[in-house]
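Thanks for coming, everyone. I'd like to walk you through one structure today, so let me put it up on the screen.

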Amino acid sequence: MKNKVGRDIPEAYLTDYSVFESTKIGNPVIQKAAPKVRVVKPGDEKLVASIEEAVERSGLQDGMTISFHHHFREGDYVLNRVMDVIAKKGIKNLTIAPSSLADVHSDIVKHIKSGVVTKVTTSGLRGKLGEAISNGLMDEPVILRSHGGRARAIETGEMTIDVAFLGVPSADAYGNANGYQGKSICGSLGYAKIDAKYANKVILLTDNLVGYPNTPISISQTDVDYIVEVDSIGNPDGIGKGATRFTTNPKELRIAETVNQVITASPYFKTGFSFQTGTGGAALAVTRFLRTEMIEKGIKASFALGGITKPMVDLLEEGLVEKILDVQDFDKGAALGLANHEQQVEIDASCYASPYNKGAVVNQLDIVILSALEVDTKFNVNVMTGSDGVLRGAIGGHQDASNAKLTIISAPLVRGRIPTIVNDVTTVITPGASIDVVVTEIGVAVNPSRQDLLDCFTDAGLPIYTMEALQKEAEKIVGKATPIQFTERVVALVEYRDGTLLDTICQVKD
């Protein structure tokens, strides 16, 4: 069966899934789930001596689901350490459900091969793990969800977490924790907060055990079963690696400058506007260009959202942004900002982006700037699979934030000898119906459904192209791309944020 973005959905998945129909989710009535709670009476101790003891007390058994957060990104020490303990205890057939996975988590490959892990659900897959799964490592397809989609699945009980292992930079012996005190700060614990609320058992790992009560409280004692003190939970320097880099690339800076022109020419650039920037050099650089325009025109933003960077905190300190709603921090400066500014407010993943609550913050976004690995002539975006078809990216909040009033994709025509603007993306992650504008180094394409924006940008003198014309320009540079060869074996399922099946990813051919 073909879904609304033209992707063939194998019949085998039609029993468990509805196929993607629309980016407009509507107003369903849903029943939220609740965790099982072991009551803690006066005098009970939560602090345990080791990860081994915490695993034993949690009651973890074969076939259960465990979760982790990714706020340390490439600097995370918790997941690999916990998985090694679990493997030594002989526990098998686990589902791991981290909020995302990075290169640093390649050790999972050995646990899949040994049968410790048999299922994975996540937002991102990279490095050796992504390559191994793309080449058929797992019997069961990985389930890929956006950050909002993951929160929805947890809240509705579609995904039950039996035990959550959460690294926290600061905690007391009764379970009150935050992310911005201690030697290993990561800032917001927005993704961990949702796991702490809904997991049946919650284990905190910390390298900064402090006296009771530890405040401010990001994760509450009322949600925590056990606390383990370890030597280190992560390296904060690993948070800013990769996609969160600050660019000096002339092409990316040119794209960022054009994105800035698109924003300032739009009807949404006015006092009180809200915005979010995604990962990627050009998307992150926009913040710096936008600052100049805001100062010159006397425009202030009501709030900034998302993965927060130091330049966003600078806007707050300068009075150009009234508030920051912070679900994740992409550098140490942003994490420190959370500790220092009451207007920088920590929120959880559901508040950020779940489509199944009483109103997520993404519903209030005016402008969002996101990056892409590929964009096709129908405005569909791929941020998950590389030019070789291998899993090497993350959905993140891409689908969630793309429903803003003005959704902008920043992308070069080509990267090296690889086209970015293509006829059909390898994997649909964000449907073209959500995308309003695509900005490249040579010009701008506007979704035909947004004639209002086309008129604005034409009047502003911006270089306007059709997506078909941009694709031809990319083809002139690198020639026609050789189609990627896949087998028929499905290695990953891509959900839309409402849980419908958006695309499938097949094993790459040798």
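Let me start with a question: which are the buried residues of α5? They are His147, Gly148, Gly149, Arg150, Ala151, Arg152, Ala153, Ile154 and Glu155. Buried here means under 20% relative accessible area, while exposed is over 50% and partly exposed is in between, with a 1.4 Å probe and protein chains only.

Before I go on, a word on the model. It is a predicted one: local features need pLDDT of at least 70, side-chain atom pairs count only at pLDDT 80 or more, and totals for chains, interfaces and linings use all residues. Residues are numbered from 1 along each chain as its sequence is written, and side-chain values use heavy atoms, with hydrogens and water left out.

Back to α5, residues 147–155. Helices are DSSP runs of H or I with at least four residues, strands are runs of E with at least two, and both are numbered from the N terminus. Nine of the nine residues of α5 are buried, so this helix is largely enclosed by the rest of the structure. What do the buried residues of α5 pack against? They pack against β2, α6 (190–198), α11 (349–353), α12 (398–401) and β28 (486–495), where contact means heavy atoms within 4.5 Å. After α5 comes Gly157, with a positive phi near 85°.

Now for the nonpolar cores. By that I mean a set of buried Ala, Val, Leu, Ile, Met, Phe, Trp, Tyr and Cys residues joined through side-chain atoms within 4.5 Å. The largest has 113 residues, and the members that touch the most others are Ile66, Ile86, Leu144, Phe165, Leu204, Leu205 and Ile219. Helix α2, residues 78–88, supplies the largest share of this core, with six residues. Take Ile66: leaving out residues up to four places away in sequence, Ile66 touches Leu60, Met83, Ile86, Leu94, Thr95, Ile96, Ala97, Val163 and Phe165. Apart from this core lies another, of 38 residues, including Ile299, Ala301, Met312 and Val313. As background, nonpolar side chains in soluble globular proteins tend to be buried together.

Met312 and Val313 bring us to helix α9, residues 310–317, where they are buried along with Pro311, Leu315 and Leu316. The cover over the buried residues of α9 includes β13 (273–277), α8, β14 (301–308), β15 (321–329), α10 (332–340) and β16 (344–346). Just after α9, Gly319 has a positive phi of about 80°.

Since α8 has come up, how does it pack with α7? Helix α7 (residues 250–265) and helix α8 (residues 281–297) meet at an angle of about 50°, with axes 8 Å apart. The axes are lines fitted to C-alpha atoms, for helices over the stretch in contact, and angles run from 0 to 180 degrees between N-to-C directions. That makes α7 oblique to α8; under 35 degrees counts as roughly parallel, over 145 as roughly antiparallel, 65 to 115 as roughly perpendicular, and the rest as oblique. The residues of this contact divide into 10 nonpolar, three polar and three charged. In that count, Ala, Val, Leu, Ile, Met, Phe, Trp, Tyr, Cys and Pro are nonpolar, Asp, Glu, Lys and Arg are charged, and the others, Gly among them, are polar.

Next, some backbone details. Most residues other than glycine have a negative phi, and most peptide bonds are trans. Here, Arg73 is not a glycine, yet has a positive phi of about 50°. Arg73 sits in the loop between β2 (65–67) and α2, and counts as buried at 13% relative accessibility. Phe379, also not a glycine, has a positive phi of about 70°. This Phe379 is in the loop between β18 (374–376) and β19 (381–382), and is buried, at 5% relative accessible area.

Where are the cis peptide bonds? One joins Tyr212 and Pro213, with omega about -5°, and another joins Thr215 and Pro216, with omega about -5°. Pro213 lies in the loop between β11 (209–210) and β12 (226–229), and Pro216 is found in the loop between β11 and β12 as well.

Finally, look at Ala34, in the segment before β1 (47–48). Is Ala34 buried or exposed? Ala34 is exposed, with a relative accessible area of 66%. Ala34 and Thr160 are 126 residues apart in sequence, and 9.4 Å apart in space from C-alpha to C-alpha.
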